[in-house]
Each structure stands twice: as structure tokens, then as C-alpha cells.
Amino acid sequence: MIDQIYHTSHCGSTLLISLLKENIKAYSEPRWTHQVIAGKDNFFASINQYNDGIIKLPSGLCHFSSKIKGKKIFLYRKLKQHLFKILSNYRTEYIDYYYSYFNNNIHPSLKGIKFDTIEKQNIFLWVNRIMWIFECENITWIESNQFLLNKQKTLDFICNYLEIDPINNIQISTIHVKSIGMNHNDIELSRIIPNLNNSILVNSDYGIISDEVCYNNYTINKLLEWARKNLSFIPEYLF
């Protein structure tokens, strides 16, 4: 059985799997995983073809986390950071892609709650992932800011958890890894020859979103107020 990475989306998961490829067979959202979302592939039949390694799954497949074996990692942003990241570019196509699939795989605790605006629908996508991950007993949670602030320390922890050799070369973290083709691949990431001509360099603090910048955003504060009222079963530390 293959180990798995689940995530809340736009939180550094592609970087994480790209770093892990140095010492373990690593796969990043192969096409079949998105065919599952489109209703054209069977999740269990496809994932059972792997015998070892680790796979980063699309953020829409968190509801499978408690249904398969293997070691599991959940990389997540807190709600305020997630909203800041997603709403900064107002990604309506993100809603279009996932919303109906999530409605068909809604966690029971969310039924009857009205997510009646685009902003609240983004909350729905986040909290549906969170609630399904709560169902999974054996999973390691990694907060996105902590990973991005302490890449080497986090990698050391993950490598120990996965029982693989330590990874000491994190040079790839200076590149926006999606720009060199490290996502949506059907082959092992180690077999991909990056097109460095298309590479986008990033600063060491790329992707880190502070609490302060979120609390200075009026829209996010109002959404957090709504979420605390309507999603009171979510622990405060996740807001």
C-alpha cells in the first residue's frame, strides 16, 4: 500500500511531495485522481495498483482518508489563512471544479448548513476536508506555516514518521515547483526532467501567511465570525 498526503489546497503540498521524491517513490496528483472527481475512475481500484511510495492526492479526496491503509499526512492551512490565499485571487473556477463533488460527498455534520455565498462556499470546501480528516485515526497533521517556516525541521519529522532516510537537499524549495512540472503527473517525480527555463524563483518565505495580515482583512474577519457561529464544532485553533 502507498502512503498518502492529504491537504486543504494551496498550502505547500506540491512542494512537500517534490522534496520527498529524493528518498521515496513520489507521485503528485496523477490524472486518474482527477478522473475520480469527474466520476470516470474508481479510487480503490486505481490506488491499489501502487505497492509502495507516497502519493499526494487532490484536496477533494479527503473523504477516502479513513478507508485505506498506509501512513498519512494532512497538510493544512487554518481557515483564516486558507481564505486569505483563496480569496486573494477570487478563484471562482476553484468552486466550479469542486463544489458539486463535495456536495455529493458532504460530511454528515455539515448537512443543513447554508453556504450561500461564494465566500462561504470556500469555507464549505475547507471544512468538509477537515471533518473527513477528523474521521481518520492514524494521520499526522502538519500546519502549512510551520512547514514553510521550518522546512528542514518538518522534513526531518516527516522522514522519521515515514521511516525513510533524511532529506538534506532542499534547494528545490527556492523554485515554484508547479512551474517546473511537479504536479499532475502519471510517473514518479524523480523521473521528471524539470524544464528550468520555465522555472519561477521564490523567496524563502513564499506561501507564509501571517495571522496579522488576515486579521487586518475585513472580509475574512466577517467570515470567521460567521464560521465560529455556524461551525461551533470546529476547534478554535483551526480558525
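**Entry 1: α1 and α8**

I began with helix α1 and helix α8, the latter covering residues 151-162, and I found that their axes come within 11 Å and cross at roughly 65 degrees. I keep in mind here that I am reading a predicted model. The crossing of these two helices, α1 and α8, is right-handed. I then looked up which residues make the contact, and on the α1 side I noted Leu15, Leu16, Leu19 and Leu20, which meet Lys151, Leu155, Ile158, Cys159 and Leu162 of α8. Sorting the residues of this contact between α1 and α8 by class, I wrote down eight nonpolar, no polar and one charged.

**Entry 2: α5 and α6**

Next I turned to helix α5, residues 92-104, and I saw that its axis and that of α6 come within 10 Å and cross at roughly 55 degrees. Because an angle of this kind falls in the oblique class, I recorded α5 and α6 as oblique to each other. The handedness of the crossing of α5 and α6 is left-handed. From α5 the contact takes Tyr94, Ile95, Tyr98, Tyr99, Phe102 and Asn103, and from α6 it takes Ile118, Gln121, Asn122, Phe124, Leu125, Asn128 and Arg129. By class, I listed the contact of α5 with α6 as eight nonpolar, four polar and one charged residues.

**Entry 3: α6 and α10**

I stayed with helix α6, residues 118-134, and looked up its approach to helix α10, residues 218-230, where the axes come within 11 Å and cross at roughly 55 degrees. That angle makes α6 oblique to α10. In passing α10, helix α6 makes a right-handed crossing. The residues I noted for this contact are Glu119, Lys120 and Ile123 from α6, together with Leu223, Trp226 and Ala227 from α10. Divided by class, the residues of the contact of α6 with α10 are four nonpolar, no polar and two charged.

I moved to strand β1, residues 3-7, and asked how many of its residues are buried. The count I found is five of its five residues, and I therefore described the strand as mostly covered; a residue counts as buried when its relative accessible area is under 20%.

I then followed the pairing of β1 with other strands. With strand β3, residues 54-56, β1 runs parallel and is joined by three bridges, and in β3 the residue that stands opposite Asp3 is Ile54. With strand β4, residues 72-76, β1 also pairs in the parallel sense, here over four bridges, and in β4 the bridge partner of Gln4 is Lys72.

**Entry 4: two positive phi angles**

I looked up Ser9, which has its place in the loop between β1 and α1, the helix of residues 13-20. The phi of Ser9 is near 90 degrees, and I marked this as a positive value in a residue other than glycine. Is Ser9 buried or exposed? I found that Ser9 is buried, because its relative accessible area is 7%.

I also looked up Glu29, in the loop between β2, residues 26-28, and α2, residues 31-37. Its phi is near 50 degrees, which is likewise a positive value in a residue other than glycine. With a relative accessible area of 5%, Glu29 is buried.

I went on to Gln35, which lies in helix α2. At 33% relative accessibility, I counted Gln35 as partly exposed. Leaving out residues up to four places away in sequence, I saw that Gln35 touches Lys40 and Asp41. I also checked Gln35 against Cys136, 101 residues apart along the chain, and their C-alpha atoms are separated by 23 Å.

Last, I looked at Gly39, which is found in the loop between α2 and α3, the helix of residues 43-47. Gly39 is exposed, since I read a relative accessible area of 65% for this residue. How many residues apart in sequence are Gly39 and Tyr101? They are 62 residues apart in sequence, and in space I noted a C-alpha to C-alpha distance of 9.0 Å.

Notes
Residues numbered from 1 in each chain as written. Predicted model: local features only at pLDDT ≥ 70, side-chain atom pairs only at ≥ 80, totals over all residues. Heavy atoms only, no water. Axes fitted to C-alpha atoms, helices over the stretch in contact; angles between N-to-C directions. Parallel < 35°, antiparallel > 145°, perpendicular 65-115°, else oblique. Left-handed = near helix turned anticlockwise from the far one by under 90°. Contact = heavy atoms within 4.5 Å. Nonpolar A, V, L, I, M, F, W, Y, C, P; charged D, E, K, R; others polar. Buried < 20%, exposed > 50% of the residue type's maximum accessible area, 1.4 Å probe, protein only. Pairing = 2+ DSSP bridges.
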